[in-house]
Amino acid sequence: MPNETRGDRGWMRHAIGLARLCPHSDTAFAVGAVLVGADGVEIEHGWSRETDAKVHAEESALNKLAADDPRLSHATLYSTLEPCSQRASQDRLPCTDRILAAGIRRVVIAWREPATFVDNCIGVEKLREHGVEVVELADLADEAMSMNRHLRL
């Protein structure tokens, strides 16, 4: 089982705070994401619908960096929700594909994506199949879901 590290809870709480910044939607989750370098310093962050109506939190954070940013291969991505394995927006890569392309080797989530919008999200499984360490902080799931209670969870 992947191990939680000392700073994981603090960074996840930061991501949860970012999720609270998301514009309201009845058709998408409010999600926050934070990229943290090996030195324990925030590299970048993002939230759902930060830059446009379709942008996901992980996508928003990664869009602010060069695709070949060398810090990414040693970074941890904190996302309040499991990264998507497929998108309703067919013109955009799923977040799991973006994470793999960026070379991120560690992802920490609070809750798994329910079948509200996409049946059978396999983001965690896909990341693990490609050697990414995925840590689930399930005891923070209620807090991470709190801004999504208006949706069918």
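## Aromatic pairs

The count comes to 2 aromatic pairs in this predicted model (rings of Phe, Tyr and Trp, the last by its six-membered ring, with centres within 6.5 Å). One of them joins Phe 29 and Trp 111. Their centres lie 5.5 Å apart, with 85° between the planes. That makes the pair edge-to-face (planes over 60 degrees apart).

This pair links distant parts of the chain, 82 residues apart. Phe 29 sits in the loop between α1 (8-19) and β1 (32-36). Trp 111 belongs to strand β4 (residues 106-111). Strands are DSSP runs of E, at least two residues; helices are runs of H or I, at least four. Both Phe 29 and Trp 111 are buried (under 20% relative accessible area, 1.4 Å probe, protein chains only).

## Largest pocket

Phe 29 also lines the largest pocket. With Thr 27, Ala 28, His 56 and Arg 87, Phe 29 lies nearest the pocket centre. The lining holds 25 residues: 13 nonpolar, 6 polar and 6 charged. Here Gly counts as polar, Cys and Pro as nonpolar.

A pocket is an open set of points on a 1 Å grid where a 1.4 Å probe fits, with protein on both sides within 12 Å along at least five of seven lines; lining residues have an atom within 4 Å of a point. The space comes to about 430 Å³, taken as that filled by probe spheres set on the points.

## Domain record

An unreviewed UniProt entry places "domain: CMP/dCMP-type deaminase" at residues 6-135. Such annotations may be inferred rather than shown by experiment. The end C-alpha atoms of this span lie 13 Å apart. The span is 26% helix and 20% strand.

## Basis

Residues are numbered from 1 along each chain, and side-chain values use heavy atoms, without hydrogens and water. Local features need pLDDT of at least 70 and side-chain atom pairs 80 or more, while totals for chains, interfaces and linings use all residues.

Methods: Rings of Phe, Tyr and Trp (its six-membered ring) pair if their centres lie within 6.5 Å; planes under 30 degrees apart count as stacked, over 60 as edge-to-face and the rest as tilted. Buried means under 20% relative accessible area, exposed over 50%, partly exposed in between (1.4 Å probe, protein chains only).
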